[in-house]
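The stops below go from the whole chain to single residues.

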Amino acid sequence: MTKPGRIPCVVLSCRRTAPASKYPEGTIICCGKCWRLSDKALRVRWRSSRREREQLEAAADPLDGGGFSFKSREAYFAHADVLALEHAYWDQIIVQANEARAGIG
Ligand SMILES: [Zn+2]
């Protein structure tokens, strides 16, 4: 069981944790050690999709209660696409890290 105030690494067999106070509630973390078990090319794609999403969000107006008001339909759909990509890459990275840790990757 994870100590109070700590959040566990998402990789099941990993015992590392991070301070919960550093992250918004409900955040799932992957420690650096496990993160580096996944393919570097995949991590590069994840990072670039995250950067692209952040740039689109920086150009939009933040809405009260979360979300963004985009300046155009194109920006709205580009954001939705890149957000889906970012999540898909992240999921793949976590699967690879779990497989590598379990010795089945
Ligand atoms: Zn870990």
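Start with contacts across the whole protein, where two residues are in contact if their C-beta atoms, placed from the backbone, lie within 7 Å. Among the contacts with a separation of 6 or more, 45% are between residues 24 or more positions apart.

This is a predicted model, in which local features need pLDDT of at least 70 and side-chain atom pairs count only at pLDDT 80 or more, while totals for chains, interfaces and linings use all residues. Residues are numbered from 1 along each chain as its sequence is written.

Next, colour by secondary structure. The protein has three helices and four strands, in the order β-β-α-α-β-β-α along the sequence. Helices (H or I, at least four residues) and strands (E, at least two) are DSSP runs, numbered from the N terminus. The C-alpha trace spans about 45 × 35 × 15 Å along its principal axes.

Now select Cys 9, Val 11, Cys 30, Cys 34, Trp 46, Tyr 89, Ile 93 and Ala 97. These eight residues form the largest nonpolar core, and H3 gives the largest share of this core, three residues. A nonpolar core is a set of buried Ala, Val, Leu, Ile, Met, Phe, Trp, Tyr and Cys residues joined through C-beta atoms within 7 Å. A residue is buried if 20 or more other C-beta atoms lie within 10 Å of its own, exposed if 12 or fewer, and partly exposed in between; C-beta atoms are placed from the backbone. Of the 105 residues, 14% count as buried.

Finally, select Ile 104, in the segment after helix H3 (73-102). Ile 104 is exposed because 7 other C-beta atoms lie within 10 Å.
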